[in-house]
Amino acid sequence: MRKSPLFGAVLLIVLCLSFAAKVEARRGRKRIIVAHRGASAYLPEHTLEAKALAYGMNPDYIEQDVALTKDAVPIVIHDHYLDTVTNVAKLYPKRKRKDGRYYAIDFKLSEIKRLRAFERIDLKTGKAVYPQRFPLKHKLPFRIPTLEEEIQLIQGLNASTGNNVGMYVELKAPWFHRKEGKNIAKAVMKVLRKYGYDKPSAKIYVQCFDPKCLRYLRYFLGVKLKLVQLVANNDWNETPGVDYDKMLTATGIKKVARYADGLGPWIPQLFSKNKKGKIKITKVVKRAHAEGLEVHPYTARADSLPKNVKSQTELFRILFHRIGVDGVFTDFPDKGVNFLKYNRRRRR
Ligand code: CA
């Protein structure tokens with residue numbers, strides 16, 4: 001049966017209107033810069049010093065990766081290991097596990113507080129992962145903060161400056177904590193509640209690589225905060241049993257949208273650029289936006305750019321202008337904030 005031209009015209013109008021509504025909804029949304037592990041390009045990651053510097057750069061959010069200590073205190077550290085960012089091997093040489101690693105969960109907070117934090121090192125070479133960053137030779141007394149200390153810093157600065165910088169908390173390896181007999185989700189939510197982060201309007205995102213943990217937060221603990229599903233590369237073995245390639249299909253993203261408000265993909269999952277300068281964009285952001293998810297990819301680093309991308313400005317241009325992401329995690333929050341400022345001015 002042939003459809004009438006009128007039917008075609010009506011269908012076209014409906015499609016255009018629905019597309020325009022989606023574009024309009026996204027336009028109204030403010031694009032954000034997340035200070036990844038603080039101003040981690042300039043000071044050792046996740047130290048209060050790196051967070052204070054990040055705060056002064058005026059990002060929208062500052063990130064906290066959270067793991068638990070032996071006495072179940074949430075601390076801010078990127079991995080559940082202590083050896084890549086502190087002098088733990090020197091202070092407690094006998095406390096490593098069989099695999100040669102030092103685990104935060106094997107140390108009480110009072111012990112962790114004795115450690116000196118420094119710029120991330122490569123365990124094999126003992127050298128800095130990013131050699132241009134804060135020099136290892138300066139032995140300043142940087143410490144690993146607790147989540148509470150960091151909240152107090154950010155809320156304190158919000159009070160003294162009149163600004164409102166948000167928190168962007170990641171629950172690290174819930175499966176590992178569970179294996180160690182600890183519930184990281186409950187422990188972190190207790191601290192967040194204590195500081196008023198329990199309403200949907202609170203300026204905070206909670207992110208995790210583990211979909212089970214996010215569903216647990218949403219449905220079992222009844223958490224009303226904005227939740228973000230992080231997406232790893234399957235090769236990393238980030239969360240046992242989770243297939244991230246599947247998660248990025250249209251069906252996978254639809255499932256994520258049931259329990260989460262946002263998606264945190266790895267930048268190479270969004271685009272690639274060849275030697276000739278041609279940019280190939282994947283369908284991930286389109287699919288996520290079609291399901292109403294915000295998209296905040298990680299991590300923009302001026303000193304470690306994606307293949308064939310020449311500068312951090314070019315990277316921001318691709319992510320914000322070409323692909324249309326809603327926010328970006330960056331080790332260089334000053335560059336991100338400047339980019340958006342310039343872009344806003346240019347748009348008017
Ligand atoms: Ca993180």
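Predicted model: local features only at pLDDT ≥ 70, side-chain atom pairs only at ≥ 80, totals over all residues.
**Aromatic pairs and a calcium site**

Phe320 and Phe339 are both buried. The rings of Phe320 and Phe339 form a stacked aromatic pair, with 6.0 Å from centre to centre and 15° between the planes. Phe320 belongs to helix H12 (residues 312-323) and Phe339 to helix H13 (residues 333-347), so the pair ties together parts that are 19 residues apart in sequence.

In total, the structure holds 17 aromatic pairs. Another of them joins Tyr103 and Phe176: the ring centres are 5.5 Å apart and the planes stand at 25°, so this pair, too, is stacked. Tyr103 sits in the loop between helix H3 (88-91) and helix H4 (109-112), while Phe176 is in helix H6 (residues 174-179), 73 residues apart. Both of these residues, Tyr103 and Phe176, are buried. Tyr103 also has Arg97 over its face, at 4.2 Å from the ring centre. Elsewhere, ring pairs link Tyr61, Tyr168, Tyr205 and Phe329 into a cluster.

I turn now to the metal. Which residues are the protein donors of the calcium ion? They are Glu63 (OE), Asp65 (OD) and Glu170 (OE), lying 2.2 to 2.3 Å from the ion. Their spacing in sequence is E-x1-D-x104-E. Asp65 lies in strand S2 (residues 61-68) and Glu170 in strand S4 (residues 166-171), so this pair ties together parts that are 105 residues apart in sequence. Asp65 is buried, with a relative accessible area of 0%, and Glu170 is buried at 4%.

Technical notes: Residues numbered from 1 in each chain as written. Heavy atoms only, no water. Donors = N, O, S within 2.8 Å, 3.2 Å for Na, K, Ca; no water. Helix = DSSP H or I, 4+ residues; strand = E, 2+ residues; numbered from the N terminus. Buried < 20%, exposed > 50% of the residue type's maximum accessible area, 1.4 Å probe, protein only. Phe/Tyr/Trp six-rings, centres within 6.5 Å; stacked < 30°, edge-to-face > 60°. Lys NZ or Arg CZ within 6 Å of the ring centre and 35° of its normal.
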